[in-house]
Amino acid sequence: MMKSFLYILVGMAFLASCVPASEFSQLTDKSSSLQNERDDLMAENEHLTVANREMMARIDKVEEQRQQNIEDSIRIYKKVEDLEKEMAQLERKYADLESTHESLLRGNARETRRLLNELQTTQEDLATKERLLKELEANVAGQRQDVNRLTAELEARNARLVEMERMLHEKDRVLDDLREKVAEALLGFEGQGLTVTRKNGKVYVSMDEKLLFQSGSTVVDPNGVRALKQLAQVLARNPEISIMIEGHTDDVPFRKGSSIKDNWDLSALRATSIVRILLEGSGIDPVRLTVAGRGEYLPVDPADTPEARRKNRRTEIILSPDLTEVFRILDM
């Protein structure tokens, strides 16, 4: 391009030397115009060159994207093809399942009815069991109330039993103490037909006939009076003790013609005589005393011998604790 321009300048110089000045001036103007046009063309050429490079870069990118699109299209086509195959397989399976289902529906109508009947029966059984369960729950609630009530009663009864046991222990202690006091008070009369024992929750003071009475008599001997007076002192100091006096005889019939009719009469009169001695000056409340004539009907020795009859002729003073509170607890 530069070489052509130099040739033009050389030619113009040559022409200038050969042509007139007016023509040279026109040629010079034309040369300037051509120079300017050449500069514009060169600038446009550079601009087009840059645009061309940018266009080529875009074309390369578009080509790269086209190749990528082609690859993606191939991949998608392959996937679509695979999906169509799977769809065809699924359609075949669906058709098979639908056919099987229809066969089952046709062939299992009886089984379905049977299952429905079983279901209905099961539901009815369930309803029955639910009803029974509610009844059982109601019964359990009632029984629980009964158990609670019985438990409360049992606890109250146990409390009463504990209290009664405590009271009985206390009565036993009182009886033991009473027996010791009675035995101590009558210590001087041991060996004279007097014994002090405890049995059946009571204290028994047993006196033979020889200590208290002459044969067939209802008058207490002086020695027996002393024993009874000492016993009365102990009984007066124990006001909670009940006193029973029982007269006993042997089985020999009483002689006729006497003011005493029989052994019943004799045993009762002797017990009454002893009561009077116990009450005289002792301060014992008469309400505490009970008199009983037993006759010959409660022997300590049933043998038909003189020794057995001697043992049976006796008076027993039976001392009992007051069990009113114990009986009250039992009746609760």
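Predicted model: local features only at pLDDT ≥ 70, side-chain atom pairs only at ≥ 80, totals over all residues.
A crossing of two helices is called right-handed if the near helix is turned clockwise from the far one by less than a right angle, and left-handed if it is turned anticlockwise.

Let's begin with the whole chain. You will find 8 helices and 5 strands in it. Starting at the N terminus, the elements follow the order α-α-α-β-β-α-α-β-α-β-α-β-α. The chain has 332 residues, and 24% of them are buried. Its exposed surface comes to about 23,600 Å², with carbon and sulfur atoms supplying 56% of that area. Contacts also reach along the sequence: of those between residues at least 6 apart, 68% join residues at least 24 apart.

Now let's turn to a pair of helices. In general, two packed helices are described by the angle between their axes and the distance between those axes. Here the pair is H3, which spans residues 109-185, and H5, which spans residues 222-236. Their axes come within 9 Å and cross at roughly 150°. Because angles over 145 degrees count as roughly antiparallel, H3 is roughly antiparallel to H5. As for the handedness we started with, the crossing of H3 and H5 is right-handed.

Which residues make the contact between the two helices? On the H3 side they are Leu178, Lys181, Val182 and Ala185, while H5 brings Gln230, Leu231 and Val234. Look for Lys181 as the charged one and Gln230 as the polar one.

How values were computed: Residues numbered from 1 in each chain as written. Heavy atoms only, no water. Axes fitted to C-alpha atoms, helices over the stretch in contact; angles between N-to-C directions. Helix = DSSP H or I, 4+ residues; strand = E, 2+ residues; numbered from the N terminus. Parallel < 35°, antiparallel > 145°, perpendicular 65-115°, else oblique. Contact = heavy atoms within 4.5 Å. Buried < 20%, exposed > 50% of the residue type's maximum accessible area, 1.4 Å probe, protein only. Areas by Shrake-Rupley, 256 points an atom, 1.4 Å probe, with all protein chains shown as cover.
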